[in-house]
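Please look at the sequence and the structure below before reading on.

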Amino acid sequence: MTTRRAWKETSMWATTRAFGEWRAIDRDLRVFLDLTSKVMDQRFDALWTEIGERPGDPDGPEMIDIFDQEVQIQPIDYHWILGAAVVRDAVTAFEVYLEKVGAELGHTWNVAAHKSPFWDTVVKYFATELGLDVEPARVKEIRRLRHILAHQRGELRTAELRKKFGAYPDTAWAGHQAELSPEMVTQILDDLGTVARQVDSTVWAY
């Protein structure tokens, strides 16, 4: 097995092996979000146009009803599901990165091979051993959102959550489902990436 020292001496990049894996996943998630959004927007537009070009029937259903019946999902719902999937996977990838970095440093998490350490254990290790805060306020907020997505399917059950994660939080239209615009999802990827890069620059020099 290649030791971390040997890996460090032969690597072309000043990053850990774990960071290389995380960076590839981060890139895949960004491409997945962007490409899938564009392809499906084109597909939805084409379907809407095709329905609109059909011979009209004054006694028939409205276009929107035909779209619902034939496509069976609205674009806004499709894109929400896509955003939720990206956020959940991004948070998991961040957590796995930290776990693997600790292992590269020789830390034993004392868990079975098929399990991962508790999050509090990970946070404590990096704070105690390396003086790193891997759970700043923004990461804590993102992980809270991931929990809501994973266990409540994005349902915002309190006014506090609707104000923090809902659309139009300062109006009477505050949403009861977490907002997941492409811009918001991309910002989550950026924010997790900022912490991962800060961690890896410290770990690499360790």
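The expected span of a helix is 1.5 Å times one less than its number of residues, and helices here are DSSP runs (H or I, at least four residues; strands are E, at least two), numbered from the N terminus. With 30 residues, helix 4 should span 44 Å at 1.5 Å a residue, and its end C-alpha atoms lie 43 Å apart, which agrees.

What you see is a predicted model, in which local features need pLDDT of at least 70 and side-chain atom pairs count only at pLDDT 80 or more, while totals for chains, interfaces and linings use all residues. Residues are numbered from 1 along each chain as its sequence is written, and side-chain values use heavy atoms, with hydrogens and water left out.

We can now turn to the interior. In soluble globular proteins, nonpolar side chains tend to be buried together. A nonpolar core is a set of buried Ala, Val, Leu, Ile, Met, Phe, Trp, Tyr and Cys residues joined through side-chain atoms within 4.5 Å, where buried means under 20% relative accessible area, exposed means over 50%, and partly exposed lies in between (1.4 Å probe, protein chains only). The largest such core in this model has 44 residues, and those with the most contacts inside it are Tyr97, Leu98, Phe126 and Val199. At least two residues of this core come from each of helix 2 (17-52), helix 4 (75-104), helix 5 (119-130), helix 6 (137-152), helix 7 (159-165) and helix 8 (182-205), and helix 4 gives the most, with twelve residues. If contact is taken as heavy atoms within 4.5 Å, and residues up to four places away in sequence are not counted, Val199 touches Tyr97, Leu98, Phe126, Leu132 and Val134. There is also a second, separate core of six residues, which includes Phe44, Ile51, Phe67 and Val71.

Is His79 buried or exposed? This residue of helix 4 counts as buried because its relative accessibility is 18%. Leaving aside neighbours within four places in sequence, His79 is in contact with Ser37 and Asp41.

Other residues face outward. Gln69, in helix 3 (residues 63-71), counts as exposed because its relative accessibility is 61%. Gln69 and Ile188 are 119 residues apart in sequence, and their C-alpha atoms are 34 Å apart in space. On the surface, Val31, Leu35 and Val39 form a nonpolar patch with about 260 Å² of accessible area together. Such patches are made of residues with over 30% relative accessible area and no salt bridge, nonpolar side chains (Val, Leu, Ile, Met, Phe, Trp, Tyr) being joined within 5 Å and like charges within 9 Å, and the areas come from the Shrake-Rupley method with a 1.4 Å probe, where for residues only the protein chains shown count as cover. Val39, which lies in helix 2, is partly exposed, with a relative accessible area of 43%.

The backbone deserves a look as well. Most residues other than glycine have a negative phi, and most peptide bonds are trans. Just after helix 4, Gly106 takes a positive phi of about 90°. Asn110, although not a glycine, has a positive phi of about 60°; Asn110 sits in the loop between helix 4 and helix 5 and counts as exposed at 71% relative accessibility. Arg153 is not a glycine either, yet has a positive phi of about 50°, and its place is in the loop between helix 6 and helix 7.

Finally, consider the charged side chains. Side chains of opposite charge can pair when their charged atoms come close. A salt bridge is a side-chain nitrogen of Lys or Arg within 4 Å of a carboxyl oxygen of Asp or Glu, and the structure holds 14 of them. In one of these, the side chains of Lys100 and Glu21 meet at 2.8 Å, N to O, a pair that links distant parts of the chain, with Lys100 in helix 4 and Glu21 in helix 2, 79 residues apart. Asp190 and Arg30 form another salt bridge (2.7 Å, N to O), and this pair joins helix 8, which holds Asp190, to helix 2, which holds Arg30, across 160 residues of sequence. Both partners are partly exposed, Asp190 at 31% relative accessibility and Arg30 with a relative accessible area of 27%. Salt bridges that share partners also join Arg138, Glu141, Lys164 and Asp191 into one network.
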